[in-house]
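Work through the exercises below with the model open. Each task is followed by its solution.

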Amino acid sequence: MTTIDTHSKRQPGWKRYAFANHFRNAEDEFDACKLGFWLFLATEILLFAGLFCAYAMYRVKFPEAFAAGSHHLDIRWGGLNTLVLLVSSFTVAMSIRCAQLDNQKWLRINLVITILCAFMFFFIKLTFEYIPKWSHGIRPGVLYSNPFAGHPQEPVWWSVYYGATGIHALHVLIGASLLLWCLYRSLRYKAYGPTHYTMLENSGLYWHLVDVIWIFLFPLLYLIH
Amino acid sequence: MTTIPTPHDHGHHEGSYLTPPKGGFFAAVIQWATTVDHKKLGVMYTVAVLSLFMVGGLAALLVRVELWEPTRVVLNEAGEAVTTGQFFQLGKTPAENYTWYNRFFTIHGAIMVFLVIVPGVPATLGNFLLPLMLGAKDVAFPRLNLLSWYIYCTGALFAILSLINTGVDTGWTFYAPYSSSHAANTYNNVVLMTTAAFILGFSSILTGLNFIVTIHKLRCPGMGWFDMPLFVWAMYATSIIQVLATPVIGITLLLLIFERIFHVGIFDPAMGGDPVLFQHFFWFYSHPVVYVMILPGMGIASEMIAVHARKPIFGYRAIAFASLGIAGVGFLVWGHHMFTAMGELASTIFSALTFFVAIPTAVKVFNWIATLYKGSIAFNTPMLYALTFLFLFSIGGLTGLPLATLATDMHLHDSYFVVAHFHYVMMGGTIIAFIGGLHHWWPKITGKMYTEWVGMTGCIMVFIGFNVTFFTQFFLGTQGMPRRYASYIDEFQTLHQISTVGSMILGAGMFVQLGNFLHSIVAGKKAPPNPWGGLSLEWYADSPPSEHNFHHEPILTHGPYDYEDVYPPHCDPADFPLPEPLPAGAKHH
């Protein structure tokens, strides 16, 4: 559906991009894409809302189990990951700013830092949290086999923990893939510039969402005992 | 009168969207499979939805036939329990019969809800009409629309796989712990079926998102919010619910799948989980989704009534805001599915909120009736369907009130009264409006006319069959017949048999409609661009519309219901005369 002026292939991608032919102009298309993406983000928040509800309900029902479970989480790894995500949120915002200023070099550098942060988050989560816990039998539901459970209902806490952080980690990977795709398009076509950066902006919004959800998960899981 | 360019204004003629490409059959298949045209997608959805409607309907007929007689169990010479004398049963032994009965009503419910009624109107008529009514070339995100179609197909595939693999017996609601722990032989099927519903949810979200953005951004020049046809308003309200409620069922079904596979204990009481939490999650989606099902039906009814009564719709803004009101209140009433599982205070609040839904709904009904009043009513199939809708939906709506009342609900809860109530709303409301809408826009979609007398015969058969089937179920319910039972006490037999006979008439009526549609495609008369004298923008396009809908971008100069001021496009003004001018100072009403 995109209308690309093929006569000037030497132009960077963002200059060549016009707009899809069912829109009246480029601004309408940009606004439509942003509106659509915000709606999509609303659905993501509602998806997590279910998990937050389950968390709240079982926290009220089994406060001791939640306290016992939460003691197993290391606040330092969670804190480091929070920091990593906050930095990446800053860099992705900067890369959008660079697109608006047509600073192609720093656009890419910022994107690369963001993507590295994403993988760092995932690496920390996996290596220092999931794998050691899992190998100690601290698992969700019937898979739980740690002999030193602090409370009979502790497996429910771990179900909530693995469910919420697992789905969040999946979102981290999806966000990283979107940003990788942006990076590829930027390197290949110089796809983003002052008049056209829709995909970059929306991927950035998605990345902020991943960040925001973690900002809620971190205190709920790590800080409240 | 109007500056909207019409197809005949200028020389060149684009092909219609149905014109097959050069290159024969395979080129056509590839063209349809990869199309981003909202009209082709709408047509493909229609074919899929109607096919699945037939499957779900046949399952319902099997259930009805099984209920012709109660299951009488005796012991044979070998001392085994066997059934005797039953007219039709679904298995050899009583246990088999009951299991298959459970599976068939689950098939019926799951297919009808997740694959037919929820996507039904938005994905079919909505996809086809929304851009046309707005004067746009397409929806805002055409490729997303195609993706949404393939997600729907994938979901349908999962559902069908689960059915082929002997099906699910949990009921379409998948209540835990039944769905999470019971019956090893349906283990994979529950996962398959919930995965199907999970996937279908994404299709629903993407369609809704697409529609909201389209309505915001792609209205043609001159079209303000209150110049949109009411069908578009209904689609807008529907889409809001689809976007805001569906993610919750997504996470619920995901957790249920985790529960089923890993036994995580979130819903399983054996592990400290709470099955009522599942019900809250489930109905937080599934009750708003009831309005996803009915709002589009209301939108269709508004169009059919205004066009075929040739009157400006009464209370345009009231109907538009009532749609949004229903969508809003609809989010706050899910608890009325669990009156028996909540405290008194919560039940009372949910009961009161449920009554609020009746207000915008009644506003709509009264406005439709006021529109009919002194209209020049055309007695044709769409109008007959609109009247059927009004009649059946009113009964469905009013019988909701005793169910919202705590005292009566304790008695009627989980009885056939509930079954009859929601069939009056879902089938008598949505499906009737959908089929009526298919007749109304059939000439636009296919470029062919259907046969009027066959359509009317079908509608009358459906009307009679429907009432015979479901009105008796109100009596059965008040007398204490519980829903979802394969057998019953002998006293209920007469009413059950009447209901079964009715369902056969209903089924036959549906096949008459199907035959009429198929005949029209093969041998129907060519349809004019505006057979009914409609004024909304879709009637300005060709029948069937050209590839890009309009030859020029339309500029709106009149409202969709200005029947007293504007001659309809493409029509002989003599066929649709304007009313006599009134003396100065007087107003039409």
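**Exercise 1.** Find what share of the contacts in chain A between residues at least 6 apart in sequence join residues at least 24 apart.

*Solution.* Take contacts as heavy atoms within 4.5 Å. Keep pairs in chain A that are at least 6 apart in sequence; 75% of these join residues at least 24 apart.

The model is predicted: local features need pLDDT of at least 70, side-chain atom pairs count only at pLDDT 80 or more, and totals for chains, interfaces and linings use all residues. Residues are numbered from 1 along each chain as its sequence is written, chains are lettered from A and ligands numbered from 1 in the order in which they are written, and side-chain values use heavy atoms, without hydrogens and water.

**Exercise 2.** Describe the build of chain A: how many helices and strands are there?

*Solution.* Helices are DSSP runs of H or I with at least four residues; strands are E runs of at least two, and both are numbered from the N terminus. Chain A has seven helices and zero strands. Along the principal axes, its C-alpha atoms fill a box of roughly 70 × 30 × 25 Å.

**Exercise 3.** What percentage of the residues in chain A is buried?

*Solution.* Apply the cut-off: buried means under 20% relative accessible area (1.4 Å probe, protein chains only). Of the 225 residues in chain A, 50% are buried.

**Exercise 4.** Which helix of chain B gives the most to the lining of the largest cavity?

*Solution.* A cavity is a set of points on a 1 Å grid over the protein atoms alone where a 1.4 Å probe fits but cannot get out; lining residues have an atom within 4 Å of a point. Helix 6 of chain B gives the most, with six residues.
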